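Colleague: Could you walk me through this model, and tell me what stands behind each term you use?

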Amino acid sequence: MADKASPAGKPAVEEVEKEVISKIPNLEIAQLRFAVNSADMDPAVKKQKWIMLMKFVEEFEMGPFYSQICTETGTAVDQKLLQQLTEKNKKRIDEINAEIVDAEENLGESEVRQAHLRKSEYLCQIGDKDAAIEAFRKTYEKTVGLGYRIDLVFSQIRLGLFFLDHQLINANISKAKDLMEQGGDWERKNRLRSYEGLYKMSIRDMKGAAQLFLEAVPTFGSYELMSYEDLIFYTVVTSVLALERPDLRTKVIRCNEIQEQLTGGGEKGQLIPVKQYLEAFYNCQYDQFFIQLAQLEMDRLKFDRYLAPHYNYYSRAMRLKAYQQFLTPYKTVRLDMMAKDFGVSKEYVDRELHGLIAAGTLHCRIDAVRGVIEMNHPDSKNHLYKTVIKDGDILLNRIQKLARVINA
């Protein structure tokens with residue numbers, strides 16, 4: 001179904017009543033915008049990204065967006081180009097406004113809705129966020145069908161993802177869930193998983209993102225958001241951090257859809273390092289895991305606009321998970337042997353473990369005289385007991401509040 005939209009990401013809005021998944025705004029443009037603003041990007045690569053971005057700006061008549069990216073990057077504005085884009089924007093918006101007036105005076109409700117939708121998508125296309133939000137609001141008011149309303153909410157979530165406006169994304173995900181409860185179809189419910197998963201990943205909720213991505217993998221259809229290859233990448237990256245070892249084996253290692261993509265390596269071989277990263281961690285090849293993690297950080301995490309704000313957190317969390325996986329089976333471990341297994345110096349391991357122990361995230365102590373690490377495994381039964389007591393108190397308080405309301 002997603003392939004019915006044009007490859008350029010610019011569907012024919014005149015045929016919007018058909019079952020077409022809109023690719024407006026084009027999220028590829030948002031990734032290019034991130035690239036030209038990245039301090040870590042190679043200058044030669046950044047120049048290529050800028051050329052690609054400007055092609056999109058001219059193709060989609062993105063006047064407001066062009067002004068914004070010039071300000072962000074400190075690039076001199078091409079006044080001639082800006083004037084051309086501004087004139088095209090004004091002319092098209094005036095044409096659509098005339099169509100709206102004509103539809104309201106001479107045509108039916110369906111034609112009025114289509115005209116409003118054309119305006120919403122055009123404003124979204126040119127990168128005028130505030131005007132697009134207002135236009136979508138008016139279009140929503142003119143829309144009766146539940147399916148069409150959900151699609152409008154999806155468009156606003158994409159607009160939020162384009163600008164990484166978390167308030168806009170969160171509000172519309174909640175609205176989409178409410179509409180789904182009123183009778184959303186299976187396909188739209190499945191698409192919502194990908195939308196929410198992408199949002200959760202962008203706000204560092206890796207566990208929530210992993211769960212939603214894993215559910216989306218078998219029946220993925222949200223190609224307006226990302227490619228299937230990107231979905232597999234995000235699924236593996238979030239799952240390795242979020243899942244316990246048995247779940248990682250069941251849901252990722254033994255998942256046919258994921259393994260098929262990893263084995264194939266992806267269109268340009270970009271999934272090959274991801275496969276090596278997953279296997280190195282799961283197979284306890286810690287020296288290889290450290291190399292793959294560093295490579296993943298340099299090649300992908302720093303340059304993905306959803307993951308870039310969290311790459312330091314992700315790297316630290318994965319190192320901690322690897323240390324825990326290595327140390328858990330033992331009571332004592334020689335520091336030099338651990339350093340050898342991880343392919344790093346003894347001083348590096350000592351420094352890393354000291355920081356994690358001080359932060360309370362790793363339960364062990366280092367005997368510097370003997371050169372060993374002594375594990376201090378937390379009492380799981382005691383932890384569960386405290387959790388039950390705490391949850392029980394919360395439940396009793398809620399019951400008491402409910403009883404007071406009923407008695408009143």
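**Terms and values**

Modeller: Gladly! UniProt, in an unreviewed entry, lists residues 86-113 as "coiled-coil region"; such annotations may be inferred rather than shown by experiment. Over residues 86-113 the chain is 93% helix and 0% strand, where helices are DSSP runs (H or I, at least four residues) and strands are E runs of at least two. This is a predicted model, where local features need pLDDT of at least 70 and side-chain atom pairs count only at pLDDT 80 or more. Residues are numbered from 1 along each chain, and side-chain values use heavy atoms, without hydrogens and water.

Colleague: Why is H11 called roughly perpendicular to H13?

Modeller: The axes of H11 (residues 228-242) and H13 (residues 256-264) cross at roughly 110° and come within 10 Å. Angles of 65 to 115 degrees count as roughly perpendicular, so H11 is roughly perpendicular to H13. The axes are lines fitted to C-alpha atoms over the stretch in contact, with angles from 0 to 180 degrees between N-to-C directions.

Colleague: Which residues in H11 and H13 meet?

Modeller: Tyr 228, Ile 232, Thr 235 and Val 236 in H11 meet Glu 257, Ile 258, Gln 261 and Leu 262 in H13, contact being heavy atoms within 4.5 Å.

Colleague: How do you know whether Asp 367 is buried or exposed?

Modeller: Its relative accessible area is 14%. Buried means under 20% and exposed over 50%, with a 1.4 Å probe and protein chains only, so Asp 367 is buried.

Colleague: What lies 3.1 Å from a polar atom of the Asp 367 side chain?

Modeller: The backbone nitrogen of Val 369 does, and the backbone nitrogen of Arg 370 lies 3.2 Å from a polar atom of that side chain.

Definitions and conventions
Angles under 35 degrees count as roughly parallel, over 145 as roughly antiparallel, 65 to 115 as roughly perpendicular and the rest as oblique. A polar contact is a pair of N or O atoms within 3.5 Å; within protein, one must be able to donate a hydrogen and the other to accept it, and residues adjacent in sequence count only if both atoms are side-chain atoms.
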